[in-house]
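Hello,

Here is the structure I promised to pass on to you. Have a look at it first, and then read on for what turned up in it.

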Amino acid sequence: MSSRYVCLAGPTASGKTAAALAVARQLPVEIVSVDSALVYRGMDIGTAKPSAGERALVPHHLIDIIEPDEAYSAAQFVADAQRLIGEIRARGRLPLLVGGTMLYFKALLDGIDALPAADPAIRAALDAEAARLGWPALHARLAEVDPVTAARLSPNDAQRIQRALEVYRVSGRPLSAFHTDRFGGTRAAPEGVTLVSLEPADRAWLHRRIAQRFEQMLAAGFVDEVQRLRARGDLSLAMPSMRCVGYRQAWEMLDGLFPPHELPERGIAATRQLAKRQLTWLRGMPYRQVVACDAPDAVEQVVQRVRAAAEAA
């Protein structure tokens, strides 16, 4: 088996899970989740977590590994993924890394330098500034000191804006300076690695899928899931888990910040913004093999790409 591993990336609602399961039905793979929300236990509906039946079809890794009050970093993901890749290959199977957390993919494929540790005092100061000025104002400040990072973040992406400003204030260096590119100007994929990317030819197709999926989540009891998480008593919007798209909007609705009938519109809008950022990340990986996720044979194309990677001499 020549490929060390295969990556299947794409924006939210692009059909990654269905494609990965189709691969698993035809090839000896194990799936490693590349998703910063699927790591959390008790967050099932709003993350579109694979069902028990789907997970019984093929081994899945890095799902339900921490509690929502815990943190999980890109560096932790890289360490876990590298360990799992070795273990899966030792079992004679192909590691298939599937997800939409592009920072994790980039950290694994391109490398990421060791970042400064969290500084509680600076975080508290940033939270106070955000409470006074709003996160868009802090995003504008970030654009002055780290335009590269600011360009890929939403003005309301509190968690990542805070971290980027924290890194700058702790180190005097922009967060983007810590990201390394080992592959020079050619930007070739790491040896033995294939990146297949599901991307829409028609963005409206993806927008329809996002809307349908959010409505399905609501029908499946998403708000009840968020209410159960709130009832734990140890979670808040300051935590990365509750800043996940959908969860943040549902939490704010339950806090009374807007009426329930606005939740679908706000959740869908936030998810569309996430998808736009994911596609921006992917365009920065020119070595990816693009499959149009809105093509009728998209799943079969993915299976063929993975098969070719597994069989390549």
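**A covered strand**

Let's begin with strand E4, residues 94-99, which is mostly covered: six of its six residues are buried. Before going further, please keep in mind that this is a predicted model.

Which strands pair with E4? Strand E1 (residues 5-9) is joined to E4 by four bridges, and these two run parallel. In this pairing, Val6 is found opposite Leu96 of E4. Strand E2 (residues 29-34) also runs parallel to E4, with six bridges between them. There, Gly99 in E4 is the bridge partner of Val34.

**The nonpolar cores**

The largest nonpolar core has 79 residues, and the ones that touch the most other members are Leu8, Phe77, Leu96, Leu97, Phe105 and Val302. Helix H3 gives the most to this core, with seven residues. There is also a second, separate core of 15 residues, and Ile122, Leu126, Ala130 and Ala150 are among them.

What does Val302 touch, if you leave aside its neighbours within four places in sequence? Its contacts are Leu8, Ala19, Val23, Val196, Leu198 and Val291.

The UniProt record, an unreviewed entry, lists a "binding site" made up of Gly10, Pro11, Thr12, Ala13, Ser14, Gly15, Lys16 and Thr17. Two of these are worth a look in the viewer.

Thr12 sits in the loop between E1 and helix H1 (16-26). Is Thr12 buried or exposed? Its relative accessibility is 10%, so Thr12 counts as buried. Apart from neighbours within four places in sequence, Thr12 is in contact with Leu206, Ile210, Arg213, Thr271, Leu274, Ala275 and Gln278.

Gly15 is also found in the loop between E1 and H1. Not counting residues up to four places away in sequence, Gly15 touches Leu198 and Arg209. Leu198 is also one of the contacts of Val302.

**Helix H6 and its buried side**

Now please turn to helix H6, residues 135-145. Trp135, Leu138, His139 and Leu142 are buried there. They lie on the same side of H6, because they cover an arc of only 105° around the axis.

With a relative accessible area of 34%, Ala143 is partly exposed.

**Two positive phi angles**

The loop between strand E3 (60-61) and helix H3 (74-90) holds Leu62. Its phi is near 65°, a positive value in a residue other than glycine. Leu62 is buried, with a relative accessible area of 7%.

Asp64 is placed in the loop between E3 and H3 as well. Phi of Asp64 is near 60°, again a positive value in a residue other than glycine. At 23% relative accessibility, Asp64 counts as partly exposed.

**Cysteines without a bond**

How many disulfides are there? The count comes to zero. As a reminder, a disulfide is a covalent bond between the sulfur atoms of two cysteines.

Cys7 counts as buried, at 0% relative accessibility. Cys293 is buried too, with a relative accessible area of 7%.

Enjoy exploring it!

Best wishes

Definitions and conventions. Residues numbered from 1 in each chain as written. Predicted model: local features only at pLDDT ≥ 70, side-chain atom pairs only at ≥ 80, totals over all residues. Heavy atoms only, no water. Buried < 20%, exposed > 50% of the residue type's maximum accessible area, 1.4 Å probe, protein only. Arc of directions from axis to C-beta. Disulfide = S-S within 2.5 Å. Pairing = 2+ DSSP bridges. UniProt positions renumbered as here; feature names shortened; annotations may be inferred. Contact = heavy atoms within 4.5 Å. Core = buried A, V, L, I, M, F, W, Y, C linked by side-chain atoms within 4.5 Å.
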